[in-house]
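Colleague: I am new to this one. Could you walk me through the terms as we go?

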Amino acid sequence: MNNNAHAIILISSPDRPGLVAAVTDFININGGNIINLEQHVDKQDNTFFMRIEWDLANFIIPKEKISDYFQTLYVNKYNMTFRLYFNDHTPRMAVFVSKMSHCLFDILARYTAGEWKVEIPLIISNHEDLRWVAERFGIEYHVLKLDKDNKDEIEAKQLVLLEEKKIDFIVLARYMQILTDKFIESYPNRIINIHHSFLPAFVGARPYHAAYERGVKIIGATSHYVTTELDAGPIIEQDITRITHRDSVENLVRKGQDLEKIVLSHAIESHLKRRILVYKNKTILFS
């Protein structure tokens, strides 16, 4: 086994005494060394959440058997839901774009700088505009143009590409298309979106212009997992910045785009580091 290999398990269950002891005992008695443990109890729902990471160097249960052991010993007994991850797996991410480049450039800069342990095998778009960006970074770029009559056909082709490239999750880096329920259900809690935080006050194609006309004093950005309810999925990351009457529309756009790319990248990093536990329609975000 890789001496640097770690396991991460994310758990939710009805709260009751002894849950922390049960999980830590499972790790300790099998030779694991706990590196990080965080927990939270939602008193309103009486629900327990935990993220625990441990060193596998001396763990006596083989990696491929850990899930089965945990399922048998604890899941039914404590009515748990869990997900198990290993840090030696490098996730594969697909990026979907349209014409705006600010989020794509930020993602690719972090990727090439080695900030994230991730592979980006392809970029998918409905326009040719950003092909030159993909080519500069040496990443496959696929244009699949959509219209109101071919959405099902194009999404089927997208899903084939994603399957061929063994994609683990998708990032919508200002991809200006609404995904169908069927597509979303193929990647549950594995599609990350970014948008300005004007919704629903300033809808449409020119939200910053509308915000300028109203004299808003803050602008923001929200990144969330995509669900079948438009722009209403579990929120991963948000941020705001203040503006004044001195800011032009161009300043609002620039500040908004800066927020969008930072918030999106923070959300991607949290996803990659397995810090996010989705519960109902919200997230528990461990540090």
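Modeller: Start with pairing: two strands pair if DSSP finds at least two bridges between them. Strands (E, at least two residues) and helices (H or I, at least four) are DSSP runs, numbered from the N terminus. The model is predicted, so local features need pLDDT of at least 70 and side-chain atom pairs 80 or more, while totals for chains, interfaces and linings use all residues. Residues are numbered from 1 along each chain as its sequence is written, and side-chain values use heavy atoms, without hydrogens and water.

Colleague: How do you know that β5 and β8 pair?

Modeller: β5 and strand β8 (residues 169-172) share four bridges, in the parallel sense. The cut-off is at least two, so they pair. Ala 94 stands opposite Ile 170 in β8.

Colleague: In what sense do β5 and β6 pair?

Modeller: Parallel, over five bridges, with β6 spanning residues 119-125. Phe 96 stands opposite Ile 124 in β6. The chain crosses from β5 through helix α3 (residues 102-112) to β6.

Colleague: What makes that β-α-β crossover right-handed?

Modeller: The direction of the path. With the strands pointing away from the viewer, a right-handed path from the first strand over the helix to the second runs clockwise. The crossover from β5 to β6 is of this kind.

Colleague: Why is strand β5 called largely enclosed?

Modeller: Five of the six residues of β5 (residues 92-97) are buried, so the rest of the structure largely encloses this strand. Buried means under 20% relative accessible area, with a 1.4 Å probe and protein chains only.

Colleague: What makes a space a pocket?

Modeller: On a 1 Å grid over the protein atoms alone, a pocket is an open set of points with protein on both sides within 12 Å along at least five of seven lines. Lining residues have an atom within 4 Å of a point. A volume is the space filled by probe spheres set on the points, which are joined across faces, edges and corners.

Colleague: How much space lies in the largest pocket?

Modeller: About 960 Å³. Of its 35 lining residues, the closest to the centre include Tyr 85 and His 271. β4 gives the most to this lining, six residues.

Colleague: And which strand gives the most to the lining of the second largest pocket?

Modeller: β9, with four residues. That pocket holds about 710 Å³. Its lining has 33 residues, and Arg 174 is among those nearest the centre.

How values were computed. On a 1 Å grid over the protein atoms alone, a cavity is a set of points where a 1.4 Å probe fits but cannot get out, and a pocket is an open set with protein on both sides within 12 Å along at least five of seven lines; lining residues have an atom within 4 Å of a point. Buried means under 20% relative accessible area, exposed over 50%, partly exposed in between (1.4 Å probe, protein chains only).
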